[in-house]
Amino acid sequence: MIPMNMVTPPPELAAITALQSKLVSALRPILPEHALLWEPEDTIPYECDGLAAYRRMPLAVALPETEEQVVQILKTCFAMQVPIVPRGSGTGLSGGAMPISQGLVLSLAKLKKIINIDPFTRTAVVQPGVRNLAISEAVAHLGLYYAPDPSSQIACSIGGNVNENSGGVHCLKYGLTLHNVLKVRGILMSGEIVEFGSLAPDSPGLDLLAIVMGSEGMLAVVTEVTVKLVAKPKLARVIMASFDDIEKGADAVAAIIAAGIIPAGLEMMDRATTRAVEEFVHAGYDLEAETILLCESDGTPEEVAEEIERMTKVLEQAGASGIQISQNEAERLKFWSGRKNAFPAAGRLAADYYCMDGTIPRRNIGTLLRRIQGMEKKYGLACLNVFHAGDGNMHPLILFNGADQEEWHRAEEFGTEILEACVELDGTITGEHGVGIEKINSMCVQFGEGERESFWGVKSAFDPERLLNPDKAIPTLNRCAEYGRMRISGGNLPHPELERF
Amino acid sequence: MSASSNTNIDLFQEQILAAVKNKTPLSIQGGGTKSWYGNANSYAKLDTRTYSGILEYQPEELVITACAGTPLKEIEAALADKNQVLAFEPPHFGDSATFGGAIAAGLAGPGRISAGNLRDFVLGARILDGKGQDLSFGGKVMKNVAGYDVSRLLPGSMGTLSLLLEASVKVLPRPAATASLRCNITQARALQLLNEWAGQPLPLSASCWIGSSIGGDGELTIRLAGAAAAVKAAIPIMGAAVNASELEPQLASDFWAALREQQLAVFSNLNSDETLYRLALPAACGTLAFENAHGDIALEWHGQQRWLKALGDDATFTSIKALASAHGGHATRFKQGSNIDPGKQRFTLLSEQVHSTALEAVQARLRTAFDPAGIFATSRLP
Ligand SMILES: Cc1cc2nc3c(=O)[nH]c(=O)nc-3n(C[C@H](O)[C@H](O)[C@H](O)COP(=O)(O)OP(=O)(O)OC[C@H]3O[C@@H](n4cnc5c(N)ncnc54)[C@H](O)[C@@H]3O)c2cc1C
Ligand SMILES: Cc1cc2nc3c(=O)[nH]c(=O)nc-3n(C[C@H](O)[C@H](O)[C@H](O)COP(=O)(O)OP(=O)(O)OC[C@H]3O[C@@H](n4cnc5c(N)ncnc54)[C@H](O)[C@@H]3O)c2cc1C
């Protein structure tokens with residue numbers, strides 16, 4: 001989606017080659033031939049994750065097939081002091097799985113067994129490489145499913161979900177990964193096997209599972225996840241409401257929640273998005289509306305009928321200019337099709353798009369959308385807005401042409417300004433995509449020196465040598481000082497051609 | 001907040017820095033309603049009650065932010081006013097319970113099995129660390145993955161990690177309808193049914209079985225909560241399965257309150273040589289034979305939380321811990337009779353759990369990161 005423009009120049013080639021051959025010979029006895037890659041033509045698919053603007057070639061890529069191999073790889077790298085970047089499906093959007101040039105990429109993709117499904121206790125034990133959707137598919141015949149549903153669920157792995165604390169449309173009602181994972185088995189960088197959380201409702205000591213959630217591969221390599229399964233609702237219906245004013249739509253979101261309703265999904269699309277997707281999916285969206293809300297209700301038929309009625313009333317009172325309620329499953333899926341296809345539709349409008357991810361209190365949604373409109377003018381770039389309105393989790397899609405370096409930098413600046421606005425509006429720079437490499441400078445805006453120092457303390461508690469994905473998520477104090485100075489000298493970054501990540 | 005709030009924080013900071021200097025730990029205390037819980041200590045107290053008040057509450061955001069010393073009563077009253085609740089249901093264990101104490105104790109009431117635990121509801125926290133630094137983590141929004149989720153380390157940390165100054169927690173609308181059903185069935189049948197029901201789209205919100213640990217029928221009470229139509233539809237389905245009768249609403253709410261406050265006979269009247277043990281167990285755990293239980297036992301959270309009274313000696317605790325551990329859970333000496341040595345260890349240790357030993361070092365380093373001088377190292381939580 002985003003141009004390849006920030007190739008890190010490789011350090012001293014000879015030293016790299018020497019380290020590489022040392023690492024490869026150390027790992028060879030641990031792994032079968034096909035599970036260790038180091039030739040550039042084999043490792044190039046691993047040079048970036050879903051954030052393709054940032055790329056780097058690793059020393060090598062290991063694809064273990066058993067937990068024991070993971071343990072041995074970690075022990076070997078620990079002894080050699082070689083950093084490791086864990087990787088799931090590589091769909092991350094913040095560069096969390098981007099390689100370190102003198103490090104190993106540890107792909108967990110081959111650990112993809114569903115170890116156990118227990119309908120009685122509503123749990124499944126799965127290996128980290130299992131795809132999110134594969135879990136729901138495997139338990140569908142039992143009337144159960146795994147609730148967190150990132151839009152990337154067809155591809156992303158549960159190990160990646162744990163490390164990004166991923167969410168999706170259903171998270172408003174059913175919670176994030178954090179709320180749906182009972183236990184995580186992982187390997188510390190030292191090679192020790194540990195378990196966070198338990199099948200019991202709590203476990204002894206400090207709640208380390210909570211801190212491992214969303215830790216972006218920096219604390220432990222996840223090798224097994226026990227997830228909670230929930231009963232599939234008997235019925236789901238969705239209301240599609242149009243508004244002729246963005247603010248009115250945003251207020252309707254708050255009004256639904258204030259009325260004591262927690263919908264199964266509450267998503268919003270602006271006009272630019274509906275127009276883009278309508279051309280693509282023909283879902284019958286109201287093209288005149290400034291914004292469209294999708295409000296889903298699920299549960300027993302009685303519950304759904306009651307909730308749909310209450311939500312309809314609230315939406316009418318909030319000034320909806322049009323309301324349609326899905327009459328059957330096919331229609332429900334049709335209403336959703338545009339929301340689900342917003343990314344590919346954006347891809348048809350422009351050569352590239354840059355997807356941001358900030359969260360703000362619901363009451364500030366209208367304010368942020370207005371500000372983004374101003375920024376569109378300022379940067380001369382269009383932005384589509386399609387997002388998890390019920391959670392206040394925004395995903396502005398900035399359209400640009402990646403063949404034009406200057407335009408990419410404008411897009412990047414635009415994105416940064418949105419994130420800073422999120423912090424100013426009492427929110428955060430990332431709701432579900434993580435900090436990774438992408439937002440590491442914005443961390444300097446959201447957190448002070450003391451907090452960042454504490455984050456390093458947490459990191460070192462798990463990984464004292466700082467070998468596990470060490471260049472992600474937490475900026476160093478120097479970096480923030482540097483960034484602070486850069487921000488002060490006017491809106492534009494000096495020397496945009498220099499590597500900053 | 002009034003101007004006095006900053007003064008309060010300054011005073012806390014002074015107290016912390018003095019403790020660092022004198023190398024004397026501080027025992028953080030809110031209302032002291034939980035002073036009997038956790039390992040005992042006799043360190044100097046840091047009283048949080050001076051830092052009190054609701055800082056922000058907007059019902060449509062489903063978030064309340066308050067100072068740690070705020071009385072729970074005040075928070076509940078503000079929420080009730082807007083028809084919202086703390087979904088994990090705070091017991092009061094005394095009038096003076098505080099918001100900070102609740103979070104630090106990390107306990108949850110009957111609704112935990114359906115709503116989630118206290119930690120799940122914490123969104124952000126402002127703390128003073130062991131260096132007296134004023135730090136904020138998390139925030140006031142539902143989704144946030146910026147930095148490590150430090151605010152969620154505090155629930156259950158019992159004041160051993162840092163001083164909680166303020167917290168933001170998620171709140172929920174009060175369920176539109178509730179109903180409670182009661183029947184007499186065996187423990188085994190209750191456990192079977194509760195887990196089956198929980199796997200179906202039914203509005204099951206809480207359960208409690210009380211009876212003898214050695215067999216026979218006991219009394220199962222269940223609570224349904226949710227949309228009025230859903231509750232109404234579920235009553236005949238569940239009622240028919242166990243021949244249950246619906247409790248009169250006042251009786252029902254009294255029962256759940258008494259359970260939450262541990263005022264039922266099964267918890268109270270602790271003899272001087274007895275301990276009230278708490279077991280946390282996986283859902284799969286069937287009936288357990290507590291040969292040494294004194295009187296009835298209580299099962300909450302569909303059997304995942306179990307309570308029994310037995311002798312408070314080390315041998316009994318060791319055997320109960322072993323039983324819990326063999327089933328994938330852990331045990332706590334929750335409340336102690338007056339004659340039991342308060343110095344006795346209350347919790348299962350990480351080193352007593354499979355695959356947790358290596359976490360002891362992690363936990364110790366974490367504590368050092370937040371509290372290098374060890375002034376919060378009161379060992380209330382080992
Ligand atoms: C089109 C599209 C839509 C998306 N929509 C959403 C959405 O709705 N909600 C959402 O939350 N996200 C979304 N994402 C982002 C992404 O899919 C999620 O963050 C996902 O959880 C990443 O999983 P992954 O397996 O691809 O992880 P990767 O990208 O491979 O890795 C992500 C991070 O986790 C670490 N990691 C991965 N596996 C392990 C492991 N086993 N042990 C330790 N660390 C590990 C990596 O080091 C990295 O830091 C979207 C992405 C795309 C491309
Ligand atoms: C939102 C909420 C939900 C609750 N849910 C439940 C529940 O489901 N079940 C249940 O049994 N109780 C629940 N409670 C009640 C609570 O657990 C206690 O009854 C009470 O709040 C303890 O408060 P206290 O001030 O008396 O604590 P204290 O007895 O003074 O302290 C208890 C522990 O917390 C530590 N501590 C106290 N304040 C701080 C602070 N500011 N920073 C760091 N550490 C501190 C102390 O060191 C001590 O270890 C809930 C309370 C609230 C607010």
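Student: Which is it for H10(A) and H13(A): roughly parallel or roughly perpendicular to each other?

Tutor: This is a predicted model: local features need pLDDT of at least 70, side-chain atom pairs need 80 or more, and totals for chains, interfaces and linings use all residues. Residues are numbered from 1 along each chain as written, chains are lettered from A and ligands numbered from 1 in written order, and side-chain values use heavy atoms, without hydrogens or water. Two packed helices are described by the angle between their axes and the distance between the axes. Here H10 (271–281) and H13 (342–349) of chain A pack at about 95 degrees, with axes 9 Å apart. They are therefore roughly perpendicular (65 to 115 degrees). Helices are DSSP runs (H or I) of at least four residues, strands (E) of at least two.

Student: Which residues of H10(A) and H13(A) meet?

Tutor: From H10(A), A:Thr273, A:Ala276, A:Val277, A:Glu279 and A:Phe280; from H13(A), A:Ala342, A:Pro344, A:Ala345, A:Arg348 and A:Leu349. Contact means heavy atoms within 4.5 Å. The contact residues divide into seven nonpolar, one polar and two charged.

Student: What is the area buried between chain A and chain B?

Tutor: The size of an interface is often given as the accessible area lost when the parts come together. Between chain A and chain B it is about 6,400 Å² (1.4 Å probe, summed over both parts). Carbon and sulfur atoms give 62% of that. Chain A puts 85 residues into the contact, chain B 72.

Student: How many salt bridges does the rule find across the interface of chain A and chain B?

Tutor: Seven, each a side-chain nitrogen of Lys or Arg within 4 Å of a carboxyl oxygen of Asp or Glu. A:Asp207 forms a salt bridge with B:Arg119, closest N and O atoms 2.8 Å apart. On the side of chain A that touches chain B, H17(A) gives the largest share, 11 residues. That side divides into 39 nonpolar, 25 polar and 21 charged residues.

Student: Which residues does A:Met80 touch, beyond four places away in sequence?

Tutor: A:Lys22, A:Leu23 and A:Ala26. A:Met80 lies in helix H3 (67–80) of chain A. A:Leu23 is 57 residues away along the chain, yet the two C-alpha atoms are separated by 8.0 Å.

Methods:
Axes fitted to C-alpha atoms, helices over the stretch in contact; angles between N-to-C directions. Parallel < 35°, antiparallel > 145°, perpendicular 65-115°, else oblique. Nonpolar A, V, L, I, M, F, W, Y, C, P; charged D, E, K, R; others polar. Buried area = accessible area lost by both parts, 1.4 Å probe.
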